[in-house]
Amino acid sequence: MADTTNIDIDRVAQLARLALTPEEKEKFSRQLAEVLHHMRQLEQVDVTGVEPTAHAFPLFNVWADDLAKPGLPVEAALRNAPAQRDNMIVVPKVVE
Amino acid sequence: MADELHYQTIANLSVRLAKRELSAVELMQAVIDRTNQVEPKVRAFNSRNEVDALSQATAADARRSAGESLGPLDGIPIGLKDVIAVENQPLTASSKMLANFVSPYDGTVAQKLKRAGAVLWGRLNMDEFAMGSSTENSATHQTANPWDTSCVPGGSSGGSAAAVAAGQAIATLGSDTGGSIRQPAALCGVVGLKPTYGLISRYGLIAFASSLDQIGPFTHTVEDAAIMLQSIAGHDECDSTSYRTALPDYRDELKQRQGPWKLGIPKEYFGEGLDPEVGAAVERAIAHYRAQGCEIKEVSLPHTRYCLDAYYVIATAEASSNLARYDGVRYGHRSKAAKDITDLYFQSRAEGFGEEVKRRIILGTYVLSSGYYDAYYLRAQKVRTLIRQDFLNAYQEVDALITPTTPTPAFKLGAKADPLALYLCDIYTIGVNLAGLPAVSVPCGFSSSGLPLGLQLIGRPFEEASLLAIARDYEQAHDWHQRHPQF
């Protein structure tokens with residue numbers, strides 16, 4: 001298992017799209033190193049030939065009939081939008 | 001005390017409502033009065049709407065007058081954890097991220113409760129996004145344990161457990177990802193049922209860890225848990241993990257299914273870290289079953305020591321993925337400080353999420369990231385297979401397992417500042433979620449300082465009927481469920 005003593009907290013925060021303060025970075029790095037150290041116990045388990053479990057009762061090929069059904073009305077769907085105009089959500093400019 | 005309306009069971013109240021000895025409005029008013037009396041101390045609710053609740057109760061009375069009662073839940077005040085969607089009600093997950101969110105639709109369980117005539121009453125406090133074991137991670141306020149208001153109610157469904165214990169609702173719903181129903185039920189001295197994964201639709205439940213999350217009831221008695229389960233269980237095409245299975249009449253099965261049963265004692269659940277008072281109470285419960293003629297057998301779940309690690313890898317990985325949706329764009333908190341669209345994501349999430357949620361997102365992102373996925377996430381999923389197999393092996397020999405629900409009674413508010421110490425509160429409950437099994441916590445006594453203790457019974461998949469019958473057998477031979485906190 002990888003060395004967990006030095007977590008690249010900046011890379012992880014970047015992947016998580018989460019801005020962290022210097023204090024949070026320091027605290028989380030330290031706490032996560034502890035938690036990850038604990039998690040290294042999992043290395044002790046012999047998992048040779050063991051299939052991973054994603055769900056306790058896996059269901060496959062759950063089909064639904066291809067029928068049009070009413071969805072949320074526009075007003076309901078936009079009710080919680082932080083900013084909106086003309087039935088659209090307003091966001092900062094994406095393309096210069 | 002026991003005659004007070006707010007501490008009556010659904011089973012009793014439904015009879016009195018049916019006989020017209022009591023109206024739903026009178027009942028709702030009694031629960032409102034009680035809530036207003038104790039809420040300053042308990043603080044179980046994030047929000048509640050008395051006018052709306054009384055109007056639902058009036059509708060229930062009108063149905064009864066017209067001979068159109070919808071069944072035992074018609075007119076019963078039921079509180080919901082603030083993580084389950086109810087149309088036009090606030091839905092905050094106790095997070096600043098969703099502080100102003102109003103749900104545009106009903107979750108399946110809310111719709112089912114409405115169809116059963118239940119009065120949906122209040123939004124109950126919880127750890128933010130259900131991440132925690134004490135409700136101290138709520139962004140709104142701390143909820144107190146009704147038995148000792150200097151102690152935590154447990155979590156993450158702390159408000160749901162405290163509200164039932166304090167008589168602020170007749171029953172409530174919570175959600176359980178690693179013990180979030182059973183642990184607070186134990187700490188507040190009420191019944192908490194976590195059903196088999198897939199039995200209850202998760203549609204309209206704010207997702208934490210999708211392969212582990214399950215909705216379930218808090219009640220005063222096992223019979224009430226059966227009534228609640230009946231109304232919310234069943235296949236739902238809106239949840240692709242929802243299971244198609246025939247539903248028994250859970251309440252009727254309580255009487256039909258009689259012991260003696262074969263019960264297993266997993267030796268790994270009685271080791272280091274177990275409070276002696278909790279251990280002694282569970283031993284007395286085991287003695288009860290033995291005296292009833294049950295065969296008691298020691299069993300081993302050898303991978304138990306890996307449950308905590310496997311759980312925190314899988315749960316945080318799924319959480320980091322599920323919580324990616326909170327980006328400040330379509331709904332939820334939007335930062336006013338953002339410079340551009342990318343910065344909007346970073347800042348909105350930084351401002352909207354609390355510390356524990358951030359910690360778990362970071363951990364979950366890490367274990368899923370390139371270079372670490374196989375070492376952590378994939379390995380944890382394989383260990384999960386072995387953990388699940390341990391339980392299934394035990395069920396070759398026994399009908400159910402008996403364990404403590406928690407290692408200790410409720411602890412003081414602020415006592416567990418270290419994340420790892422708090423994670424250890426779930427040590428007896430998380431294996432059940434990893435294996436997808438049903439389990440129930442029932443009150444089994446009190447500590448010397450007067451705090452409730454919980455007994456956990458773990459059943460076979462989709463065998464809630466037997467599990468509840470076993471739990472009821474113990475409950476009916478004791479009076480723990482008839483005791484209530486004094487204020």
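Predicted model: local features only at pLDDT ≥ 70, side-chain atom pairs only at ≥ 80, totals over all residues.
View 1. Domain 1 of chain B comes in two stretches, 5–263 and 403–482, while domain 2 covers 305–382.

**View 2. Where the domains of chain B touch.** Domain 1 of chain B brings 26 residues to this contact, and domain 2 of chain B brings 22. Sort the domain 1 side by residue type and you get 16 nonpolar, eight polar and two charged.

**View 3. Chain B as a whole.** Count the secondary structure and chain B has 16 helices and 11 strands. Its radius of gyration is 21 Å, close to the 23 Å from the globule rule for 487 residues, so chain B is as compact as a globular protein of that length. The C-alpha atoms take up a box of roughly 65 × 55 × 45 Å along the principal axes. Buried residues account for 62% of the 487 in chain B. Of the contacts in chain B with a separation of 6 or more, 76% link residues 24 or more positions apart.

**View 4. Chain A against chain B.** Here 44 residues of chain A meet 58 residues of chain B. From chain A, α1 (9–15), α2 (22–39) and α3 (74–78) each supply at least two residues of the touching side. The most comes from α2(A), which gives eight residues. The chain A side splits into 33 nonpolar, six polar and five charged residues.

Definitions and conventions: Residues numbered from 1 in each chain as written. Chains lettered and ligands numbered in written order. Contact = placed C-beta atoms within 7 Å. Helix = DSSP H or I, 4+ residues; strand = E, 2+ residues; numbered from the N terminus. Nonpolar A, V, L, I, M, F, W, Y, C, P; charged D, E, K, R; others polar. Rg over C-alpha atoms; globule rule 2.2 N^0.38 Å. Buried ≥ 20, exposed ≤ 12 C-beta atoms within 10 Å, placed from the backbone. Domains from an automatic or database assignment.
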